[in-house]
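Visitor: I'd like to go through the labels used for this model and hear what stands behind each of them. Could you show it to me?

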Amino acid sequence: MRSNLTLARSRAGGARIWAVVKANAYGHGLANAVNAFAGADGMALIEFDGALTLRELGWRRPILMLEGAFDAGDVELAAQHRLSLVVHCEEQVRMIEMATLTRRLDLQLKINTGMNRLGFRPALFRPMFDRLRANPNVGEISFITHLANADADERLTPLPWQTQAESFNTTIAGVSGEFSIANSAADLLATPVPGHWVRPGVMLYGGSPGAGTGIDYGLRPAMTLAARIIGIQQLATGESVGYGSRFIAQRATRIGIVACGYADGYPRSAADGTPVLVDGVRVPIAGRVSMDMITVDLGQVPAAGVGSEVILWGAGLSIDEVAQACGTIGYELMCALAPRVRRQVHDTPPPITAA
Ligand SMILES: *Cc1c(COP(=O)(O)O)cnc(C)c1O
């Protein structure tokens, strides 16, 4: 995580870094994030309880709430704990106007430049800015937008990120304040990277924000999900494995039973053939993922047995590759890691090995 932050900074061309730590630091834990991202300029997330945890862990620098306040209580929490709030809709403007606060709030006015999820359309920017500027609860106002296609070729998408950036620049021309646009994809791919601040998330954990794997960008996997083989079954031709008998042996097949299933966060959508590493050797999943187990074909690794180490993703096997085999993205796998998985923190990162 530390090494990925260094890469994010080297790409950002002097912009300051909001390390995005929403969803429990994409499954990696806020305590680990505070430790590894000590060199970041701020942390950005969604959850107010997470923001309070960051303060308890000793994070004193800025914290940005990416969806702003969900209710009036959040506005008070923000003032109390010095949390900057995104303001993306008029209801939030009203909440801030109505609040009685002991400290001014720093805000980030969100502009909808085409993503069409959160934010004010450009025509509403000035009236909202003027309203907030006039309010005594408001301190600094910065500007933010979010890109829909920063990982895409500009000729192949209906909304190139450059179009969004132009609309953003036009909208905020004439007001002074800091702004941020770039997520991981823009931080890795845009030259120069726009904005006073950047907001990398997935790249800090070693995941790719688009095509390919994190390793292709020089990122290092932060999370390794590992388990062990707890059983072996020797299948005769025609015998099947697991629920629905999805895998049927075409020849004598030695199957390893791995103690990891969808209740651990391993995706049930994994197709036969999805790779795992057994004792460092790539082998395919054979049969449906169940709640507590997966089953793998040990044909390529005859020496494996009960107790052999299995890597589901991470060191030596990119989470992005596993995600692609499951019809999803690395983000979803990281974030879905289940509470029952035992966490171990290694301060020495695993070696970079392309699988
Ligand atoms: C999650 C998020 C990011 C980080 O996105 P990545 O693709 O993980 O880099 C940046 N900005 C906002 C507003 C977000 O919600």
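Visitor: How do you know that the count of disulfides comes to zero?
Guide: A disulfide is a pair of cysteine sulfur atoms within 2.5 Å, and by this rule the count is zero. Take Cys-326: the nearest cysteine sulfur, that of Cys-260, is 11 Å away, and Cys-326 is in no disulfide. Bear in mind that this is a predicted model, where local features need pLDDT of at least 70 and side-chain atom pairs count only at pLDDT 80 or more, while totals for chains, interfaces and linings use all residues. Residues are numbered from 1 along each chain as its sequence is written, and side-chain values use heavy atoms, with hydrogens and water left out.

Visitor: Why is Cys-326 called buried?
Guide: Buried means under 20% relative accessible area, exposed means over 50%, and partly exposed is in between (1.4 Å probe, protein chains only). Cys-326 has 8%, so buried is the word.

Visitor: What makes Glu-178 and Arg-16 a salt bridge?
Guide: The rule asks for a side-chain nitrogen of Lys or Arg within 4 Å of a carboxyl oxygen of Asp or Glu. For Glu-178 and Arg-16, the closest N and O atoms are 2.6 Å apart, and the pair is a salt bridge. Glu-178 sits in the loop between helix H8 (161-172) and strand E7 (179-180), and Arg-16 in strand E1 (residues 16-20), so the bridge ties together parts 162 residues apart in sequence. Helices (H or I, at least four residues) and strands (E, at least two) are DSSP runs, numbered from the N terminus.

Visitor: Why is Glu-178 called partly exposed?
Guide: Its relative accessibility is 23%, so Glu-178 counts as partly exposed. Arg-16, with 31%, is partly exposed as well.

Visitor: How do you know that Asp-130 forms a salt bridge with Arg-126?
Guide: Their closest N and O atoms are 3.2 Å apart, and the limit is 4 Å. Both residues lie in helix H7 (residues 122-133), four residues apart, about one turn of the helix. Asp-130 is partly exposed at 38%, and Arg-126 is partly exposed at 40%.

Visitor: What makes Arg-340 and Asp-292 a salt bridge?
Guide: Here the closest N and O atoms are 2.9 Å apart, and the pair counts as a salt bridge. Arg-340 lies in the segment after helix H11 (330-335) and Asp-292 in the loop between strand E14 (281-284) and strand E15 (294-297), so parts 48 residues apart in sequence are tied together.

Visitor: How many salt bridges does the structure hold?
Guide: There are 10 salt bridges. Glu-90, Glu-97 and Arg-131 are linked in a network of them.
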